[in-house]
Amino acid sequence: MARNSIACDQAIFTSIRTPMGEGYRIIAASRGLRPEEKQAITRLSPSHEGLCAPAADEGEVPGDPLAAAFYALPTGRLCIALSCFAGNEHTGRGGHRIYTHNVIVAPETLEQCGFNPLNIWRAMIDAGLTEPQLKPPAVLDELNLEVTADPDSAGGGMLHESIAEPLRRHVLSQLLVDVPLIVNLDNHWIDTAEAFLLAVPAPLRTKLSLAAGLKFSVSRCHRLNVLHDDDGKARVRTSGQKIEFLDPVVTPPPASTQHAWVTLVERHWQRGDFVGLARRTSRPFRDCSPGGRECVARLFMQIDDLPRLEGDALLSAIVQHAPHRGITAEGSIARELVDGAVRTITGRIRTASWEANASLWPSAFDAWMKCSDHRDLTSPILLDLLRGAVRGDGLFALEHALELSRTGDASFANGHANRVALDDVVRQAVDQLLINAQFDVARAQAWCDQWLRLRSNCPHADRLRTRCANLAAAAAR
């Protein structure tokens, strides 16, 4: 499990008594926090009774007492906020005080944390930042957090039970086109918000903002607001605003979105594979445009579909995507697809009979010819086919070993190794022909003559030519 140590500035926001009165403000912050960052944090932090979960009265057990927020600051840095209850309100308004601990990181830090701000949020919990500091020093030290960057903790486990497929697809589609959303749920706000966040391509996440478990306010509206609108105020406040209010219980299912990226995500959601989805989406993609997302999604879905593809389709995938393998995120997916196609087709060849494999040779040879710069991929396929042909059709194996050799060993990837492999195919095929003693003598003789022009000292061809001569002499008597 990967753990990274990250350095953060921090700010604490709550209500406090002061000689000048009482109010809501940042009561402590790191020296590195800038004035415009403080203003944004002050505007976006929740005030009293701001959590969706009810506070526990004495003797009661609270619900989920924590909330999360994530957003970009005017400077480009990112704020991750953890809010919790901090006792009774002191401004005379009644209710419960909300305490918010904010950590501020550079955008590049998010990549160290798996492109998931909620990994940082969980590290804040592990570091004890849920314990309100109501009398902190005015200047806070820089904070160091140990963040688990693996996606194994990816949220979303309750997504199936809380939101139906059409609405899930709609939420993701709207997030990708920058539409502010409220998703009204009774609980599991953070888990749900994380599921949607991790469904977005990683580089786009720094442009998202979210709040999970916080009551809604138009002044602190985020791109994604997952909350419980128990009193209906959020629905009223969004009336006439360019904010979409979605209630899984009463909102009519919108038209299903069929974009490839959304379909890829939904496939994972239906399987409950939130970790696998996070591993795929949390990559530093170079192209997050709609077209780039669609290309990546189709690659991933083709990887998933490899076991169901016919041999010709697998070979086509190898030819199409072999040139695009590389060190970029997109290149690594193309490499994964090509390697998976090679494994799938070679696995089938090695377990099937020659009769089942024979029809694949023309397509495999064509793929080998087209992949002139990537024959390390297709050469093993041809060799496996020839090895399978040895027992089923020895002359086929010999004639097509000759066909490969005529192209020149230098072009047959890993020239020396493949020359040795071809010579071994020839040895085995000749052994089989000599054991069976029933073969087309004229074809075998023609092969011997042509092979010996390439391998003048091949003992296997000499043995077969001697047998051909003996059989011809016997037939003439």
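**Figure 1. Packing of helices α14 and α15.** In this predicted model, helix α14 (residues 361–370) packs against helix α15 (residues 375–392) at an angle of about 155°, and their axes lie 9 Å apart. Angles over 145 degrees count as roughly antiparallel, so α14 is roughly antiparallel to α15. The crossing of α14 and α15 is left-handed. In general, the angle between the axes and the distance between them describe a pair of packed helices.

**Figure 2. Residues in the contact of α14 with α15.** On the α14 side, the contact involves Trp361, Ala364, Phe365, Ala367, Trp368 and Met369. On the α15 side, they meet Arg375, Thr378, Ser379, Ile381, Leu382, Leu385 and Leu386. By type, 10 residues of this contact are nonpolar, two are polar and one is charged.

**Figure 3. Phe115 in the loop between α2 and α3.** Phe115 lies in the loop that runs between α2 (107–112) and α3 (117–126). Most residues other than glycine have a negative phi. Phe115, which is not glycine, has a positive phi, near 55°. Buried means under 20% relative accessible area; Phe115 has 10% relative accessibility and therefore counts as buried.

**Figure 4. His188 in the loop between β8 and α6.** The loop between β8 (181–184) and α6 (189–197) holds His188. The phi of His188 is near 60°, again a positive value in a residue other than glycine. Partly exposed covers the range between buried, under 20%, and exposed, over 50%. His188 has a relative accessibility of 37%, so this residue counts as partly exposed.

Key:
Residues are numbered from 1 along each chain as its sequence is written. This is a predicted model: local features need pLDDT of at least 70, side-chain atom pairs count only at pLDDT 80 or more; totals for chains, interfaces and linings use all residues. Side-chain values use heavy atoms; hydrogens and water are left out. Axes are lines fitted to C-alpha atoms, for helices over the stretch in contact, and angles run from 0 to 180 degrees between N-to-C directions. Helices (H or I, at least four residues) and strands (E, at least two) are DSSP runs, numbered from the N terminus. Angles under 35 degrees count as roughly parallel, over 145 as roughly antiparallel, 65 to 115 as roughly perpendicular and the rest as oblique. A crossing is left-handed if the near helix is turned anticlockwise from the far one by less than a right angle, and right-handed if clockwise. Contact means heavy atoms within 4.5 Å. Ala, Val, Leu, Ile, Met, Phe, Trp, Tyr, Cys and Pro count as nonpolar, Asp, Glu, Lys and Arg as charged, and the others, Gly among them, as polar. Buried means under 20% relative accessible area, exposed over 50%, partly exposed in between (1.4 Å probe, protein chains only).
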